[in-house]
Amino acid sequence: MTSKRLYYQNAYTTHFEANIIERVRNNNGQTAVVLDQTYFYPTSGGQPFDTGTINNIPVTDVTIREKDEALLHWLDTTSLWDDKIAGQLNWPRRFDHMQQHTGQHILSQAFIQIAQAETIGFHLSDNSLTIDLNTSQLSPSQVEAAEFLANQIIWQNRPIHIRSVTLEQAQKLALRKLPPVRQGTLRLIEIEKFDLTACGGTHVSQTGAVGIIKIVKLERQNNQLRVEFACGQRALHDYRLKNSLVNQLTAELTTGTDDLLPSVLRTREELKDARRRLKKQQEQLLYFEADTLLKKGKMVGNTAVITRVFTTEEIDPGQLRVLGSHLSQSGQVIALLGLAGQKSQLLFCRSQDAPGEMNQLIKSALQVLGSAAGGGSAMMAQGGGPGTDKERVQQAIDKAERLLLGQIR
Ligand SMILES: [Zn+2]
């Protein structure tokens with residue numbers, strides 16, 4: 001014995017009484033009941049399940065049992081003693097599904113009439129509504145025309161009829177979609193003089209209740225086109241969100257809606273230009289910095305030994321490397337450079353004709369920073385440690401300098 005699916009005839013009833021005819025428990029200890037009749041819609045045909053309550057206990061899922069097509073109402077409890085129950089549907093959720101699903105029928109037919117594009121996939125979830133069309137060759141004007149036709153059908157407020165026919169009768173009708181052949185009767189949904197299709201979902205009774213259909217995104221996938229759209233309250237929600245975004249952007253950029261895009265493009269160009277100029281100036285500054293450091297260098301024999309600790313606010317790791325490279329190409333030089341901040345960093349380098357093993361020196365210096373992550377060659381070595389202040393990095397550089405002077409004096 002399976003449940004009578006009362007939502008087939010009436011999608012608007014939200015309160016009903018029924019009898020429990022079976023209790024089920026799954027491996028996770030969750031309980032479900034089968035009712036002799038129900039208005040709860042199970043996940044099927046691209047449409048999600050209804051929620052609500054049975055005797056005030058939340059219904060968390062509604063599924064179809066494969067072997068006999070019984071509807072399992074999964075409950076947020078382990079015990080439900082009464083056989084007589086009162087069911088109540090979550091109406092806002094149900095109505096949302098009705099709006100979106102009916103809108104899908106309308107839009108699918110509109111794409112056929114405008115572009116002979118057939119719907120081969122439909123997906124409805126809490127935050128997404130899409131159809132897949134069997135073509136990727138649609139022009140923007142065709143998409144707009146289909147959207148406009150769909151909305152005209154809504155504004156004409158056409159009645160939507162539910163019909164039951166035999167498979168034989170169905171085959172003689174011009175159905176948009178014939179489901180996989182089964183026995184018994186077929187449930188047809190007819191949008192008067194516009195669309196006729198087989199469907200088991202819940203729909204509004206007149207097209208006007210869909211409110212509006214707005215296509216929000218197109219996505220080409222091989223030879224198909226995925227059309228994302230929003231109907232009724234979802235379209236309103238989407239419009240609110242985007243309207244608020246546009247208002248915030250126009251206020252932020254002190255411009256009108258029409259000027260928004262040019263303004264953003266202009267700002268982006270200006271930013272690119274400013275970055276370019278900044279980079280150039282930073283490079284010049286690094287040359288200047290290298291010159292200053294060279295003048296202050298300690299002469300040991302013919303070698304200038306340069307030490308300097310920067311903060312991450314003054315210079316970034318990339319610039320530190322550029323500075324090291326400038327210095328080691330400016331005569332007989334050894335440069336012991338450090339960076340203090342969120343992360344500490346050391347960069348030791350020398351010119352080809354200067355003495356010293358940078359990879360050895362950096363290992364000793366990194367110990368001061370509590371790090372072993374570093375290495376390199378005799379001419380150039382670098383390494384980093386946890387964040388620390390300038391004094392600590394200076395201690396690491398001082399240690400390296402002492403060792404170096406001991407070696408080359
Ligand atoms: Zn449907």
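These legends describe an overall view and several close-ups of one predicted model. Local features need pLDDT of at least 70 and side-chain atom pairs count only at pLDDT 80 or more, while totals for chains, interfaces and linings use all residues. Residues are numbered from 1 along each chain as its sequence is written.

View 1. Helices (H or I, at least four residues) and strands (E, at least two) are DSSP runs, numbered from the N terminus. Along its principal axes the C-alpha trace spans about 105 × 55 × 40 Å.

**View 2. Helix α1 (residues 91-115) crosses helix α2 (residues 140-155).** Their axes come within 8 Å and cross at roughly 130 degrees. Axes are lines fitted to C-alpha atoms, for helices over the stretch in contact, and angles run from 0 to 180 degrees between N-to-C directions. The two helices are therefore oblique to each other. Angles under 35 degrees count as roughly parallel, over 145 as roughly antiparallel, 65 to 115 as roughly perpendicular and the rest as oblique.

**View 3. Ile106 sits in helix α1.** Ile106 is buried, with 25 other C-beta atoms within 10 Å. Buried means 20 or more such atoms, exposed 12 or fewer, and partly exposed in between, with C-beta atoms placed from the backbone. Leaving aside residues up to four places away in sequence, Ile106 touches Ala150, Ile153, Ile154, Ile191, Asp195, Thr207, Val210 and Ile213. Two residues are in contact if their C-beta atoms, placed from the backbone, lie within 7 Å. Ala373 is 267 residues from Ile106 in sequence and 64 Å away in space, C-alpha to C-alpha.

**View 4. Asn56 lies in the loop between β5 (52-54) and β6 (57-64).** Its phi is near 65 degrees, a positive value in a residue other than glycine. Asn56 counts as exposed, with 9 C-beta neighbours inside 10 Å.

**View 5. Asn157 lies in the loop between α2 and β11 (160-166).** Asn157 has a positive phi of about 50 degrees, although it is not a glycine. Asn157 is exposed, with 12 other C-beta atoms within 10 Å.
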